[in-house]
Amino acid sequence: MGAITIQELTKSYGETQVLKGIDLAINDGEFLILVGPSGCGKSTLMNCIAGLEDITSGELFIGDDNVTNVNPKDRDIAMVFQSYALYPTMTVERNIRFGLEMRKYPKAEIDSTVKDVAKLLQIEHLLDRKPSQLSGGQRQRVAMGRALARSPRVFLFDEPLSNLDAKLRVEMRTEIKKLHKRLGTTIVYVTHDQVEAMTLADRIAVMKDGVVQQFGTPYEIYNDPANRFVADFMGSPAMNFIECTVKDGNVIIESGGQHHEVKVPSTQALKSSGLDTVVLGLRPEMITEPKPHSDSGYISQMSLNVLVTEPTGPDTLAFGEWNGQEVQARLSPEVGVKAETEGKVEIQVDTGKAVLFDPKTGARI
Amino acid sequence: MSSMNLRLGRTLIYTLLIGFALIYLAPLYVMLVTSLKDIEEIRSGNLIALPENINFSAWVKAWNSACTGSECEGLAPYFWNSVRIVIPAVLISTIIGACNGYVLAQWQFKGSNMLFGALLFGCFIPFQVILLPMAKLLAWLGLANTVVGLVGVHVVYGITFTTLFFRNYYVAIPNELVRAARLDGAGFFAIFWRIFLPMSTPIFVVTVIWQFTQIWNDFLFGVVYSGPGTQPITVALNNLVNTSVGGKEYNVDMAAAIIAALPTLLVYLVAGKYFVRGLTAGAVKG
Amino acid sequence: MFKYLENQLPKLVMAPTAIAMFVCMYGFIAWTVGLSFTKSRMMPQWDFVGLMQYEKLFANPRWMVALDNLWIFTFLFIVISLFLGLMLAIFLDRNVRAEGALRTIYLYPMAISFVVTGTAWKWILNPGLGIEKLVRDLGFTDFEFRWLVDQDMAIYTIVIAAVWQSSGFVMAMFLAGLRGIDDNLIKAAQIDGASTTRTYWHIILPMMKPVFFGAIVVLSHIAIKSFDLVQALTGGGPGYASDLPANFMYTFAFNRAQMGVGAASAVIMLCGVLAILVPYLYSELRSDKQ
């Protein structure tokens, strides 16, 4: 049905190659997110899937059909655009009908589909309006309604929430997720917002420079990043990267004026890599005030000189220095206040989920 | 600034503005009053004096019996010549311009930007440089001195402007609209017809007015490519004024000039906003 | 196959225009340039004679008069139109009442053809019955105003009529430019204690630079192409004292059966336009890229 297989896909504009051999297999009914910084090729890849851009080489299958050379309208896909791309001279209803009329559906069927879609998205009261009379959130709903009406095999979403304000964005995010649960149709969704990626996706493809850096579940991407780029891009606040010297398969952290030899999970790999220095990647939530019952076998205690704190509400980020490099810790609000006034705090560091990178290449060790 | 100075400044501004308005209006006023006088009064009175008796005979003569060279049928036949040239030329060049603009803005292909640049350049060339070969081409096609030939010339050299107008209008519309429609199953023409045309009314008005004014007011192509029976009104007006059979009749000249100017003046008064928009659009880039 | 055809549709739609353009513009320009190197007179013929026609052209006193006239006309036309247009725009921009009506009045001549303009001014400037008589009737019985029939002054009548026709348009360009200036900028200047005059002179006018350039390009373009106005107002006369290159070209190519000379003069006109246009387009494109 709606499975998508992409094989060795490349795309070039003249001399410049923007997609450099993409291989992805998306299961039927899966919610895939393409994420990456701007210019990474994610939108181009989506347009190639839609057929709006020709593929330079490689193959593309939807279900069992090879659609590499099929016209966009015959691929049985629907797309929601960043600017919504609602037809400005048509009413909401005509916007939704348009795709069905073009495909010569019988009138009665169109009528009932429009009714169903409008009900599903709660836009029944907007059907007679023009797009210019709608708010951003309403336009977003209509754009989704237009895609939904055709019940295609695959939905493509091109940064659909980036034009909405923060609150509405969170609301619509939940709504899209519910919709996916309900319909079970394959979705390919492009975003540059890693929070959106984490919250929505079944699987995420992180892209950079026309190459898929990592393809996996949000859990894998977050906890087991393939390289420093992925680790850095995903997660907010961002992961700490501290350059450390290596000693007997452990790393040395200088904090609060003292040196600590800290145990890391990948001791064997580290030893065999033969590196003298290494980049330690550690998420802020692994650096906290001491907690009584945690023991992953990788806990160290140390003190941290706090330069500044940023309360976020549920917890407070504290900024200090390890090995002369900035490090963020995530403290409870109460401890955070104390840390700010005293300029120093006792912390526990859990390196059970620490990841190590080659300082030169950024590759995972 | 004291309020005294301020008031003085305002008075000065208004005096200047109104003074210039009168200067700009003066020629039209002079034309009008002259056209309503008889020739005796013109000789005895002066430019700006109001006519003693309003007299429409100059208008009647200008319309249907004044001599434009050897013919003495007034401007009427030439007025209709102009109408016969203007209507098809405006329609055809506008429609072609709309299609071209749609392609150049929304369906770019390799080399389309270069093509646009080459077209843009055409807005600037002095027509003298194409006058001779175009005359040869028209003769070769058997279209010399015909209305069809003139229409063709106006279409060919009008397309540059109409394309420019439409292209600049459509280029502001996000390409996502075309993409959305393609996924909805609409083709090249369906997208143009059902999505782009319905939102093009303003630019159609601008373009039609621009082309209408340009072609109605054209003299160069008219004088070079028309024959005795197909001359447009501008050429006939010039002939009428320069024909000196039996003494100058300034009142007839002025009536004829107003008749020749009337259509474009009316368009300007009715749709001035669009006229100015076309002028500035055509000027800034063209 | 079908998909291929559909993908070619945009090109197919552009094809007639592209062909017409390459034939009727670039092809014809090449034809005219080629012709200017031949000794064609009545009929085109292709014996190349090098620069003979250009030599003939620049040895022709009538052409030299037309060129001189073009400089005089272009310079005065541009300077006066810019001055009037800018002045009217600045005054109109100062919150005057009936702005719409005034604007309509300043701009209406632009809707009229040059032939009508020429006809009207020919009458107004008529020696004997025009302005001369008007002023004499006011009591200045010795007043003389005969520029229209004066060899040395006829070209200035064309300047007057052209300025009347086009300065309103310059006003519209400047007004649009002035309206595009951020109000906060003017407020900031006032808070800094700048007088109205200083604000205009040091802040607003420098920001109008692109409009100045745009207006100059358009006006010089109008000037080089000017043909109908001369034809209607002075007929190039007296004699050929008020000829412009466009009139020269028309006379030689079509009335005198001197195609080679006509073509050469047209090529010189094209070069004139290019000399203004190329630097302008170049700077426009460069600023577009930035």
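Figure 1. The model is predicted.

**Figure 2. The two sides of helix α10(A).** Three residues of α10(A) are buried: A:Val335, A:Gly336 and A:Ala339. They lie on the same side of α10(A) because the arc that they cover around the axis is only 105 degrees. A:Glu334 and A:Thr341, on the other side of α10(A), are exposed. The packing partners of the buried residues of α10(A) are β16, β17, β18 and β19 of chain A.

**Figure 3. The open sheet of chain A and the helix that packs on it.** The sheet consists of 5 strands with antiparallel pairing, in the order β15-β19-β16-β17-β18. Strands β15 (287-288) and β18 (325-331) of chain A are at the edges, each pairing on one side only. Helix α10 (residues 333-342) of chain A packs on this sheet and touches β16, β17 (316-322), β18 and β19 of chain A. The direction of α10(A) makes about 80 degrees with that of β16(A).

**Figure 4. Pairing of β16 and β19 of chain A.** Strand β16 (residues 299-311) and strand β19 (residues 344-350) of chain A are joined by 7 bridges in the antiparallel sense. A:Met302 has A:Ile347 of β19(A) as its bridge partner.

**Figure 5. The side of chain A that touches chain B.** Contacts link 17 residues of chain A to 14 residues of chain B. On chain A, β6 (77-80) and α2 (92-102) are the elements that give two or more residues to this side. Its residues on chain A comprise 12 nonpolar, 3 polar and 2 charged.

Conventions
Residues are numbered from 1 along each chain as its sequence is written. Chains are lettered from A and ligands numbered from 1 in the order in which they are written. This is a predicted model: local features need pLDDT of at least 70, side-chain atom pairs count only at pLDDT 80 or more; totals for chains, interfaces and linings use all residues. Two residues are in contact if their C-beta atoms, placed from the backbone, lie within 7 Å. Helices (H or I, at least four residues) and strands (E, at least two) are DSSP runs, numbered from the N terminus. Ala, Val, Leu, Ile, Met, Phe, Trp, Tyr, Cys and Pro count as nonpolar, Asp, Glu, Lys and Arg as charged, and the others, Gly among them, as polar. Two strands pair if DSSP finds at least two bridges between them. Axes are lines fitted to C-alpha atoms, for helices over the stretch in contact, and angles run from 0 to 180 degrees between N-to-C directions. A residue is buried if 20 or more other C-beta atoms lie within 10 Å of its own, exposed if 12 or fewer, and partly exposed in between; C-beta atoms are placed from the backbone. The arc is that of the directions from the helix axis to the C-beta atoms.
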